[in-house]
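Grab a pencil and work through these exercises with the structure open beside you. Try each task on your own before you read the solution.

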Amino acid sequence: MRVTKDLVAASATPIVLGILAEGESYGYAILRRISDLSGGQLDWTEGFLYPLLHRLERLGHVESSWQTVTGERRRKYYRVTTQGMAELAEQHHQWETVVEALKQIWPNIGDLRPLTFPLEGNA
Amino acid sequence: MTVTNGKEELEAQFTQWREYVRRRPELQSSDADELEDHLRDSVDELVALGLKPDEAFLIAVKRMGGLDELSREFAREHSERLWKQLVFTGDPADSVKKIRSRQDLIAMLICAAGAAVSIKVPGLFGLRFEDSDTFYATNFSLFTLPWLAAFLAWRRQAGARLCAVLVALFALGAAGANIYPLDEDSQSVNLVGTHLPIALWLVVGLAYVSDELRSSRRRMDFIRFSGEWFVYLVLIALGGGVLTVFLTGTFKAIGLDSGEFISEWLLPCGAMAAIVVAGWLVEAKQGVIENIAPVLTRLFTPLFAVVLLAFLVAIGVNGRGIDINRETLMMFDLLLAVVLGLLLYSISARDPLAPRGTFDVLQLVLVVSALVIDALVLLMMAGRIAEYGGTPNKMAALGENIVLLVNLAWSAWLLLRFVRRRGGFPAIERWQTSYLAVYAVWMWAVVLILPPVFGYQ
């Protein structure tokens with residue numbers, strides 16, 4: 001299964017902000033985390049993640065700095081700002097609404113079949 | 001291929017990869033660092049899984065996707081990077097470059113301030129602008145060009161010998177401008193006023209090429225520098241004009257007359273400083289944005305060629321002679337200089353290895369028609385001098401004409417050989433860059449030798 005482009009684009013910001021809300025991180029680790037979270041289903045490219053991080057930084061949702069953690073290479077770490085937390089809360093709220101609505105019209109998720117009419121059905 | 005240490009080989013691959021990334025204008029060096037770090041993480045992970053470093057590198061690069069696609073994504077977020085930024089917002093990650101450009105900025109400010117102050121120094125000794133026409137007319141270039149030369153020499157860390165030569169030449173220029181008893185109305189004053197700046201500009205060129213005096217490429221760089229400097233100076237002058245208009249208008253609105261401030265301070269000091277600032281701008285943005293002078297030559301070479309051809313046709317059809325007097329002779333001198341400029345700047349921007357094209361033929365047409373016109377002018381001029389005798393102005397104009405004519409004639413010959421595939425392009429470039437010395441000799445001759453020869457007329 002591949003998640004469609006539109007859905008990936010729509011969910012990108014809350015996912016990245018959510019991951020950074022757990023603690024500051026860097027590009028490669030963020031990609032790994034996304035892959036782990038989705039069981040490998042969400043496969044973002046570098047060309048998607050880094051420009052997204054830069055955009056969030058420009059908008060003021062995250063900030064970055066080059067740091068050297070002992071025993072590791074110098075890396076560009078990103079962390080979420082107060083404004084980013086507010087944005088995350090807002091996005092969270094919106095997604096809850098969407099998910100809530102979806103849950104109600106899909107009572108048995110994973111059990112969906114095309115609707116069949118019993119009168120015509122001969123299976 | 002020998003088996004080398006896997007780690008070293010990997011580092012070499014990373015270096016190569018960085019080289020590729022560096023060529024992308026969309027990706028700044030901090031992006032390259034970030035992506036390299038990512039690549040290293042991928043490689044480490046793959047190596048941990050049991051792959052050899054070179055295999056891991058290949059796979060990691062492949063996973064990252066093509067650089068084309070990557071830069072396209074970056075460009076979408078950072079479109080401003082494609083509009084290359086000027087000096088004021090250098091790449092923040094590149095700290096060495098940043099320090100360098102800061103030092104340049106400070107040095108430029110010192111030199112520009114020096115130039116602006118210099119022009120006011122003679123005023124302290126009672127030489128006001130309106131009192132002394134000859135002093136400022138002959139000396140103005142001496143207040144600013146030494147500062148520009150100093151900036152360039154500092155930037156290139158010129159040796160003591162070169163500095164001594166520069167100082168000596170500027171001193172010579174100062175002597176040439178001031179030792180002769182030139183009358184305010186004499187032709188020689190004008191000649192010194194127009195030729196000394198060019199002579200001194202070539203001294204600035206000496207500071208520009210610095211220790212690589214014989215290098216044809218460095219001299220060509222100086223020609224490029226001159227063109228760009230001129231374009232910047234014109235732009236700064238336009239901006240200065242706008243500033244002056246607003247200054248006058250706003251102060252007039254509150255009943256204050258800014259006229260004296262403008263003519264006594266803003267104009268002279270601003271002009272002197274602008275000459276240094278323009279030089280700094282060219283140096284600072286070198287390679288940052290495309291050069292504009294070659295673009296202008298591309299536009300105007302065909303147009304000038306058409307105008308000159310039309311002029312020749314008109315002479316042929318009408319059978320009219322050219323009415324020669326001092327003004328027309330000067331104009332034809334300037335025309336030759338413009339044609340030469342068009343030639344020089346298209347040469348300066350040409351890829352020496354590119355094949356011949358229609359543009360080269362067009363250039364040949366331009367140069368040949370300019371030559372034919374000039375031959376006509378010279379013929380009539382020689383007749384007039386033989387009839388009425390010479391004056392400093394006529395001599396200078398004639399000399400310039402011959403200097404330019406010789407240059408263009410040989411250029412035409414070299415261009416013809418090039419277009420007919422008999423000669424290489426570098427020969428044209430070498431000819432032009434060697435010829436700079438001839439201009440220098442002639443300009444100094446006009447400043448130093450012509451006035452005494454003609455009895456300071």
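## Exercise 1: A hairpin and its sheet

Keep in mind that this is a predicted model. In it, E2(A) and E3(A) make a hairpin with five residues between them, and Gly71(A) in the turn has a positive phi of about 80 degrees.

**Task.** Work out the order of the strands in the sheet of chain A, and find which strands stand at the edges.

**Solution.** 

Step 1. Strand E2 (residues 62–68) of chain A is joined to E3(A) by seven bridges, and the two run antiparallel. To see one pair across the strands, look at Glu63(A), which stands opposite Arg79(A) in E3(A).

Step 2. Now look for another partner of E3(A). Strand E1 (residues 25–26) of chain A pairs with E3(A) over two bridges, again in the antiparallel sense. Here Ser25(A) is the residue opposite Tyr78(A) in E3(A).

Step 3. The three strands give an open sheet in the order E1-E3-E2 (chain A), with antiparallel pairing. E1 and E2 of chain A each have a single partner strand, so they stand at the edges and one side of each lacks a neighbour in the sheet.

## Exercise 2: A domain from a record

**Task.** How much of residues 16–90 of chain A is helix, and how much is strand?

**Solution.** 

Step 1. Check the record. An unreviewed UniProt entry places the feature "domain: Transcription regulator PadR N-terminal" at residues 16–90 of chain A.

Step 2. Read off the make-up. This span is 53% helix and 21% strand, and its end C-alpha atoms lie 14 Å apart.

## Exercise 3: Where the chains touch

**Task.** Which element gives the most to the side of chain A that touches chain B?

**Solution.** 

Step 1. Count both sides. Chain A brings 13 residues to the contact and chain B brings 15 residues.

Step 2. List the elements of chain A that give two or more residues: helix H2 (27–37), helix H3 (46–59) and strand E3 (74–80).

Step 3. Pick the top one. H3(A) gives the most, with seven residues.

Step 4. Sort by class. This side of chain A has four nonpolar, four polar and five charged residues.

## Exercise 4: A helix length check

**Solution.** 

Step 1. Get your bearings. Chain B has 17 helices and zero strands, and its C-alpha atoms fill a box of roughly 95 × 60 × 50 Å along the principal axes.

Step 2. Look at what is tucked in. The buried residues of H14(B) include Leu366(B), Val367(B), Ala370(B), Ile373(B) and Val377(B).

## Exercise 5: Buried or exposed?

**Task.** Decide whether Gly205(B) is buried or exposed.

**Solution.** 

Step 1. Find Gly205(B) in helix H9 (residues 187–209) of chain B.

Step 2. Apply the cut-off: a residue is buried with 20 or more other C-beta atoms within 10 Å. Gly205(B) has 22 such neighbours, so it counts as buried.

Step 3. Name some contacts. Beyond residues up to four places away in sequence, Gly205(B) touches Phe222(B) and Leu436(B).

Definitions and conventions. Residues numbered from 1 in each chain as written. Chains lettered and ligands numbered in written order. Predicted model: local features only at pLDDT ≥ 70, side-chain atom pairs only at ≥ 80, totals over all residues. Contact = placed C-beta atoms within 7 Å. Helix = DSSP H or I, 4+ residues; strand = E, 2+ residues; numbered from the N terminus. Nonpolar A, V, L, I, M, F, W, Y, C, P; charged D, E, K, R; others polar. Buried ≥ 20, exposed ≤ 12 C-beta atoms within 10 Å, placed from the backbone. UniProt positions renumbered as here; feature names shortened; annotations may be inferred. Pairing = 2+ DSSP bridges.
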